[in-house]
Protein chains: 2
Amino acid sequence: MKQEPPSASGSRRVRMAPDQRRAHILNAAQALFFERGWEDVTISDVLDAAGISKGGFYHHFAAKEDLLDAIVQRFTAEALTAAQAARAATSGDALARFNAFLAASSRWKAERGARMKFFTDVMLRPGNDILFARITAAANAAVMPVLIDMIAQGVDEGTFDVPDTALVGETITAMSQGRRVTLSDALRLAEGGDVDRASDILYRRLVAEGEVIDRLLGLPRGSVALSNRREYGLMLRAIVNPEP
Amino acid sequence: MKQEPPSASGSRRVRMAPDQRRAHILNAAQALFFERGWEDVTISDVLDAAGISKGGFYHHFAAKEDLLDAIVQRFTAEALTAAQAARAATSGDALARFNAFLAASSRWKAERGARMKFFTDVMLRPGNDILFARITAAANAAVMPVLIDMIAQGVDEGTFDVPDTALVGETITAMSQGRRVTLSDALRLAEGGDVDRASDILYRRLVAEGEVIDRLLGLPRGSVALSNRREYGLMLRAIVNPEP
DNA sequence: TCTAAATACCGACCGTCGGTTTGTAATGGA
DNA sequence: TCCATTACAAACCGACGGTCGGTATTTAGA
């Protein structure tokens with residue numbers, strides 16, 4: 001098949017190193033997906049946003065699904081290294097280390113939420129459920145061994161007492177997952193101006209989660225301090241009135 | 001636009017009452033979706049299976065998504081009435097009623113799994129995650145009030161002692177959700193012939209879940225008896241060698 | 001009982017989407 | 001300098017979800 005010669009004033013042909021191009025496309029795609037959801041963003045949209053042709057795109061990605069996989073992988077890798085770093089930075093007995101780990105985790109999530117509006121964009125929009133589910137599922141699965149290992153060490157140490165290490169780890173993660181709904185409500189409240197009430201709702205949820213974890217780990221009430229609402233409070237404010 | 005006269009030996013024109021037709025289409029669609037997943041089943045497939053034309057289909061359903069909604073709704077309604085019935089059939093103190101409720105629940109799930117291969121078809125196939133997620137999410141959300149109400153009654157009665165009623169309810173549901181993975185493993189084992197080991201794995205999981213719920217409800221270990229492995233054992237066998 | 005409105009249904013057609021193919025300009029090593 | 005490889009462009013394709021004009025059957029009103 002013959003092909004028209006490229007129109008003289010046609011698009012510029014910009015060459016990039018494969019890694020750079022991939023990252024470039026990925027960034028554009030991620031922003032679009034977070035904003036409008038997986039299904040509502042077409043390959044053409046990504047093409048326009050990234051300033052590349054279809055052929056160029058499919059030279060770097062095999063399918064639309066590959067974009068999702070890559071985004072998920074990026075998040076997973078980040079979450080895992082952050083979790084490992086957080087864990088390595090802990091000291092003291094199992095409970096102290098566990099608390100420090102949880103604090104670092106929520107600090108990470110909160111700052112991430114404030115900086116890139118991950119939570120607002122991904123969580124609030126309906127239709128982004130699939131996206132959110134895949135990302136968190138993968139990230140949680142990656143981080144799970146770290147969590148379970150911490151619990152196991154606590155058991156060995158005699159600080160924790162659990163029915164089943166793996167199940168308790170999964171339960172903690174699964175329960176924390178539900179925080180998304182509370183966070184979503186709080187965000188709506190905060191955007192409506194009622195930041196204090198929003199913080200309060202979040203705080204109560206965190207306290208309750210802490211008490212549940214106490215029980216799961218066989219600890220006296222109040223041992224696990226998940227109640228670092230400061231971080232989430234800061235995040236709420238950062239989202240409500242964003243700063244450069 | 002002129003249209004060809006319908007070919008003489010063309011498709012028969014069968015008229016049905018709207019409700020019947022809807023249900024008919026829905027059944028065909030559900031079977032296909034459970035078998036091959038949401039994305040891999042086209043409207044045309046449903047058309048062929050249901051023996052209806054495109055125009056006929058879109059006379060009863062506004063979009064493909066409507067099929068999902070309808071299926072989800074059907075399941076939700078079934079689950080809710082079953083849960084309410086199970087709850088109404090209980091007696092005794094809160095713990096006894098709770099145990100009876102759990103037993104009825106798993107009996108319902110197990111028999112359902114055995115009868116219509118819901119679990120095998122929907123859960124094992126990769127790609128059916130979306131389908132499974134939407135169905136269980138809706139069903140759980142519908143049943144949640146029943147669960148929470150039972151817990152609240154136990155608290156009022158003084159039998160239970162929980163940090164936060166709603167959170168505990170959600171946690172129990174979320175944890176039970178994870179059983180899907182264990183069930184999936186067990187199913188694979190059972191289909192490989194090792195039914196005993198499969199039952200055993202399931203049993204251990206159920207015992208652990210029971211102990212977790214004990215703690216969540218502030219009960220002594222062994223209070224909650226989730227360990228009715230008989231039901232699941234029967235289900236496993238029913239799936240492995242199905243009977244007419 | 002005749003007729004007209006309502007409605008269940010048909011199937012060709014359409015726009016869009018994800019993905020493929022064919023062709024070309026830039027790059028770098030020999 | 002040549003040429004193989006790479007990075008990209010753009011025309012193209014089949015399939016999909018959905019629409020639309022039209023037809024057959026039932027139902028309601030007189």
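Predicted model: local features only at pLDDT ≥ 70, side-chain atom pairs only at ≥ 80, totals over all residues.
Chain A superposes on chain B by a rotation of 180 degrees with 0.1 Å of shift along its axis, at an RMSD of 0.1 Å, which is the relation of a two-fold axis. The secondary structure of chain A comes to 11 helices and 0 strands.

**Surroundings of Thr136(A)**

- Thr136(A) has its place in helix α7 of chain A, which covers residues 129-157, and the cut-off that makes the residue buried is a relative accessible area under 20%.
- Within chain A, the side chain of Thr136(A) reaches the backbone oxygen of Phe132(A) at 2.8 Å, and a polar contact of 3.1 Å joins the side chain of Thr136(A) to that of Gln177(A).
- Thr76(A) is 60 residues away from Thr136(A) in sequence, while the C-alpha atoms of Thr136(A) and Thr76(A) are 8.2 Å apart in space.

**Chain A as a whole**

- Read along the sequence, chain A follows the pattern α-α-α-α-α-α-α-α-α-α-α, and buried residues make up 45% of its 244 residues.
- Among the contacts in chain A between residues at least 6 apart in sequence, 70% join residues that are at least 24 apart.
- Helix α10 of chain A (residues 195-216) has 22 residues and reaches 32 Å from its first C-alpha to its last, close to the 32 Å expected at 1.5 Å a residue.
- Gly218(A), which follows α10(A), has a positive phi, near 70 degrees.

**Where the chains meet**

- In the interface, 19 residues of chain A are in contact with 19 residues of chain B, and the area buried between the two chains is about 1,600 Å², of which carbon and sulfur atoms give 65%.
- On the chain A side, Pro163(A), Leu167(A) and Arg215(A) lose the most area to chain B, together accounting for 41% of what that side buries.
- Because 100% of the interface residues of chain A are also interface residues in chain B, the copies meet through the same surface.
- Glu211(B) lies in helix α10 of chain B (residues 195-216) and is buried, with a relative accessible area of 16%.
- Leaving aside residues up to four places away in sequence, Glu211(B) touches Pro163(A) from the other chain and Arg221(B) from its own.

**Nonpolar core**

- In soluble globular proteins, nonpolar side chains tend to be buried together.
- The largest nonpolar core has 86 residues, of which Phe98(A), Ile151(A), Leu217(A), Phe98(B), Ile151(B) and Leu217(B) touch the most other members.
- Leu217(B) touches Arg215(A) in the other chain and, within chain B, Phe98(B), Ile151(B), Phe160(B), Asp161(B), Val162(B), Val168(B) and Val224(B), when residues up to four places away in sequence are not counted.

**Helix α8 of chain B**

- Helix α8 of chain B (residues 165-177) has 13 residues and reaches 19 Å from its first C-alpha to its last, close to the 18 Å expected at 1.5 Å a residue.
- At the start of α8(B), a side-chain oxygen of Asp164(B) comes to within 3.1 Å of the backbone nitrogen of Ala166(B).
- The buried residues of α8(B) are Leu167(B), Val168(B), Gly169(B), Thr171(B), Ile172(B), Thr173(B), Met175(B) and Ser176(B), and one of them, Val168(B), is among the residues that Leu217(B) touches.

Note on methods
Residues numbered from 1 in each chain as written. Chains lettered and ligands numbered in written order. Heavy atoms only, no water. Core = buried A, V, L, I, M, F, W, Y, C linked by side-chain atoms within 4.5 Å. Buried < 20%, exposed > 50% of the residue type's maximum accessible area, 1.4 Å probe, protein only. Contact = heavy atoms within 4.5 Å. Least-squares fit on C-alpha atoms with pLDDT ≥ 70 in both. Helix = DSSP H or I, 4+ residues; strand = E, 2+ residues; numbered from the N terminus. Expected span 1.5 Å × (residues − 1). Polar contact = N/O pair within 3.5 Å; in protein donor to acceptor, adjacent residues only side chain to side chain. Buried area = accessible area lost by both parts, 1.4 Å probe.
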